[in-house]
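Here is a short report on the inside of one protein model. Look at the structure first, then read on.

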Amino acid sequence: MKIGILTSGGDCPGLNAVIRGFAKYAYENIKNVQLVGIADGYGGLIHNEFRLMKEQDFVGILNVGGTILGTSRQPFKLMTVEDDNSVTRLDLMKQNYKKMGLDCLLTLGGAGTHKTAALLSAEGCNVIGLPKTIDNDIWGTDVTFGFHSAVDIATECIDRIHSTAASHGRTMLVELMGNKAGWLTLYAGLGGGADVILIPEIPFSADKVAKVIEKKADAGKAFCIIAIAEGAMTIEESKMKKRERLEKRGGDVTATAALAKHIAEKAGVETRVVVPGHIQRGGSPSAYDRVLSTEFGSFAGRLVKEGRFGVTVAMVNGKVTYNALADIAGKAKLVPPDAQEVLTAESIGIYMGR
Ligand code: F6P
């Protein structure tokens, strides 16, 4: 049996751990298995770039960050666009799936990857997805691999900001990844003891945030930490189209810098902005993610053995299971405004922007 593996979209800790978990299961349990590593995500499938892997290739990668296969972003909306010869990327992928002689294909990726996986599956390829992303926003799974590693890193960033914020008596805004989903900011904000947590799902009032900081300063709290997601926006901005929002920000992509300025002016405190950026996606997976990735990878092996395709691996109520690709593709798991974590934050006096 010949199985292709690709990792697509933004990388995250745990990709190699999933690949390893799957490979170990496959070599242990599937007769005459051959694993094909497809280079750079769907890019490799489009351009027919792959290599036959050896068992040795999967040794020593459990704790290694990134992906041994390489990755790329291949926008879903371009998959069905015809080139000059009336050929689409989807056509090329289907052709190369056949040329490579694959019996099935594993796609490790986030929301966009799953949409393309569903498309390939609908076109007759045997596909199994694996839910990867630091954003934790894939529909139908309680958790994605990579999320908890990123939470640990982001929490450590906040911890480190705490001491310098306290020394200088400043309000520090830590901008964390998450354009549409605020899970990472919510968890790192809770884990790092932020005073204010601002996420895309709950638009905020800059005036109210400034008042909260002013009140804390008046009450003797010399420093404050604000965990803000890159996709957070003011109530006013939330009513705008993306382009309009960016124009209003006058060169800033996120709302963070303007909020820092507003707080400094209104609350009379010194502010600083810190953006950990891709540090949140780099390095080793946490122990939690190594275990989760091994569970997910080996479970995908079981699905291959059983011949169950057109699905993606998921964790539901503590049990590893699967969902149909067609059921989850195109949906996003955002933070519900009444999520338990949001209510917990508010119950201990963390300001969530509303
Ligand atoms: O999807 C994961 C993610 O890290 C998002 O949180 C972030 O908005 C985006 O990827 C950044 O993408 P890139 O690596 O292409 O800059």
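## The cavity

The lining of the largest cavity has five nonpolar residues, two polar and one charged. Here Ala, Val, Leu, Ile, Met, Phe, Trp, Tyr, Cys and Pro count as nonpolar, Asp, Glu, Lys and Arg as charged, and the others, Gly among them, as polar. The lining residues are Ala-111, His-114, Ile-138, Trp-139, Ile-328, Ala-329, Gly-330 and Lys-331. A cavity is a set of points, on a 1 Å grid over the protein atoms alone, where a 1.4 Å probe fits but cannot get out; lining residues have an atom within 4 Å of a point.

The volume of the largest cavity is about 40 Å³. Volume is the space filled by probe spheres set on the points, which are joined across faces, edges and corners.

## About the model

This is a predicted model: local features need pLDDT of at least 70, side-chain atom pairs count only at pLDDT 80 or more, and totals for chains, interfaces and linings use all residues. Residues are numbered from 1 along each chain as its sequence is written, and side-chain values use heavy atoms, without hydrogens and water.

## Helix H6

Helix H6 spans residues 183-192, and seven of its ten residues are buried, so the rest of the structure largely encloses it. Buried means under 20% relative accessible area (1.4 Å probe, protein chains only). Helices are DSSP runs of H or I, at least four residues, and strands are runs of E, at least two, numbered from the N terminus.

Among the buried residues are Trp-183, Leu-184 and Gly-192. Their cover includes helix H5 (147-168) and strand S6 (171-176). Gly-193 follows H6, with a positive phi near 70 degrees.

Terms used. Buried < 20%, exposed > 50% of the residue type's maximum accessible area, 1.4 Å probe, protein only. Contact = heavy atoms within 4.5 Å. 1 Å grid on protein atoms, 1.4 Å probe; cavity = no way out; pocket = protein on both sides within 12 Å on 5 of 7 lines; lining within 4 Å.
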